[in-house]
Amino acid sequence: MPETSSLIQVALPVPLYRRFDYQTKDARPPIGSRVGVPFGKQQLVGLVVAHPTQTELPLDKLKPISRILDTESLFPPALWSLLLWAANYYHHPLGEVLHHALPVLLRQGEPAERKPIPCWQLSSSKPDMQANLKRAPRQQQALQLLQDGPLPAAELREQGIDTPVLKQLAAKELIRPFDLHLQAREWLDHLLLHEENVPYLNLEQAAVLAAISQAEDRRPFLLEGVTGSGKTEIYLQLIQEKLSQGRQVLVLVPEIGLTPQLLRRFRRRFHAPILTLHSGMNDRERLDTWLACKAGEAAILIGTRSAIFTPFNSLGLIVVDEEHDMSFKQQEGFRYHGRDLAIVRAQREQIPIVLGSATPSLESLHNALQGRYHHLQMKQRAGGAQAAQQHLLDVKHVPLQAGIAPQLLQLMDEQLAVGNQVMLFLNRRGYAPALLCHDCGWVAACPHCDAFYTWHQQDRRLHCHHCDHMRPVPSQCPECHGRNLVSSGVGTEQLAQFLEQRFPAYKTIRIDRDNTRRKGELEAHLTAIRHREYQILLGTQMLAKGHHFPDVTLVGILDVDGALFASDYRATERLAQLYVQVAGRAGRANKPGMVVLQSHHPEHALLQDLLNNGYAHFARTCLQERQVLSLPPFSFQAVLRADAPSRELLEQFMQQATQICHHYGAPDLQLVGPISPVMERRAGRYRMLLMLQCSQRMHLQHYLHHLVPAIDALPMTHSLRWHLDIDPQEIAG
Ligand code: ADP
Ligand code: ZN
Ligand code: ZN
């Protein structure tokens, strides 16, 4: 037995399941700390995962580490154990999981040392808002934002306010920069609740708050409360309670949910450092935020899914807002579910977790109905707004104009005439979903995918929304050389054009991914809408999430049939969630809203259930249906997906992988496939999938622990790409 007190085992950011042994001359760096190591010809940053006592290689074959980067673990114990759990549960290489959890600078070997956070604040408490800023809307906006207190530069930038704008304001001596030096739990000394802003809870809210505060077990809480029932108010009061005990709070929100309104609401309530994590931050800002939470300097962190990997000094509560939202699931690389990890994390930290939604996911609802979660419901609107009226419009045999029925156009006329706003949803951006030749029927298709190009008329290009391939719009048909190229179907761009012609007296704004790419653009559009600069709002579901439009009294959802008949069984659940979100955001107390759904199948049972009985009932009906069909949450799934440039190789691999599963012979393991998804080829690669389904989560996990190494050992894995998706949200995608 060789001398082993110098052995360390390291997880490296490589797509391999194995870990690597190295040796060190010095004292062994602790588990959870970073080391630099040679790997082939490269130098990599790895994480120490074990201090083994034996190794398969003779000691003199083991390479020494090149450097020690940390003297202590970067991860508090509960987070470390969450990460190990996640690698195991998602069957993803541990090295990649650990690296994913680290800010980029730490992955690159930068020291884990924090710098002060650059912030801006007003120079005096009441600056002259009119000070020659008439023609500088950005500067005005910046001043407005800073009214509520200092803000990190990163957050201002996220709202479209860049350094030059701030410098101009500073030159006028209206604002000044400062470095925020936080101290661990400094907020405790002057955590001043802005009492005047705190409403008295209504009876439902009070009951919910009491239930959460007084619960005697550690089951998660599902707060199922209609839009506007005061869920956020509950979060705020729970957070207040935790902060006053010196505990930190993590709030997870969907990708689009981190809105200035939400942040303003938090900042107005608490006199404590509130940090955010979002995609607009640079690497330095992410690292500083990460470290400020780890050191206990930040009181509240509000972030999207990856914020679940932030270390805290004394985490006391996790809130997952809009827990049903799809964006909590990471759809590439390490495919984890942020909400599910939050539940495991709360368990490991032994702290409460609240999942809130007006439209809970069927998974969470099922858990609540089974008693695995506390189930809390709020059915009244706190602010007193009325629920919207709903109409199902049968569009069979109806002459549609740009996809809109005459009846809906008439309703629009009426609402616009009395000064209200109208909102239309169409989940298809671009001018048209296809360009075709009127003479011979040729359709412009992407050469790399089994998909048609979307026609973007404004940019005069064809764009494949699946692989991002673009080309100019041809002037004639490549098949028959005819010049009669026409659109097929309607996208948001075309709809906007039509609306501008049909309603020339009103201004139309379109909100989709094409015109909200730049920083602050979405926010600027939303502000303009709130200021009533536009009367007709039109967009994809981007427009539905997290925004309240009190002057919108009519909402039209133009195309619901796609979701009703989609091959993905989750499509109806999503349609219902979108519908409820939209319906809940329109109108206010003295201006009730109306929601119109256009469908060719108004008799569809799920639609009828949703409209007549509401989401809560609809969701329970859906659950029954899923139970009959043994679909999640009544079964558990994993999808093996692979893609390759050659179909032959791909088929071989999938067949062998399927054989491995068959031979394993677990009686309750169901296999579906291997099959090709609807879009068999994407970005020049053929795709196939194999679905594994099991009635018990534990069993599925157990089988996968045998199957994955066997599949990974197949020789073809070197010439194609494959991955496993646990609890997939989109099967075909
Ligand atoms: P949700 O998060 O469920 O959509 P919110 O917490 O945002 O609901 O509350 C909706 C509106 O009602 C907000 O304007 C909020 O300020 C107000 N509100 C919430 N609770 C109360 C209350 N107890 N009394 C008066 N207004 C309230
Ligand atoms: Zn043609
Ligand atoms: Zn393509």
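In the predicted model, a nitrogen atom of ligand 1 is placed 2.6 Å from a backbone N or O atom of tyrosine 200. Two further backbone approaches involve oxygen atoms of the ligand: a polar backbone atom of glycine 230 lies 2.9 Å from an oxygen atom of ligand 1, and a backbone N or O atom of lysine 231 is found at 2.8 Å from an oxygen atom of ligand 1. Ligand 1 on its own exposes 560 Å², of which 67% is buried by the protein. The shell around the ligand comprises 16 residues, those that come nearest being Tyr200, Gln205, Lys231, Thr232 and Arg265. With three residues, helix H8, which spans residues 231–244, gives the most to this shell.

The side chain of aspartate 321 is instead joined to that of tyrosine 235 by a polar contact of 2.9 Å. When neighbours within four places in sequence are left aside, the residues in contact with aspartate 321 are Tyr235, Leu252, Val253, Pro254, Phe328 and Gly356.

Notes. Residues are numbered from 1 along each chain as its sequence is written. Chains are lettered from A and ligands numbered from 1 in the order in which they are written. This is a predicted model: local features need pLDDT of at least 70, side-chain atom pairs count only at pLDDT 80 or more; totals for chains, interfaces and linings use all residues. Side-chain values use heavy atoms; hydrogens and water are left out. A polar contact is a pair of N or O atoms within 3.5 Å; within protein, one must be able to donate a hydrogen and the other to accept it, and residues adjacent in sequence count only if both atoms are side-chain atoms. Contact means heavy atoms within 4.5 Å. A residue is near a molecule or strand if one of its heavy atoms lies within 4 Å of it. Accessible areas come from the Shrake-Rupley method with a 1.4 Å probe; for residues, only the protein chains shown count as cover. Helices (H or I, at least four residues) and strands (E, at least two) are DSSP runs, numbered from the N terminus.
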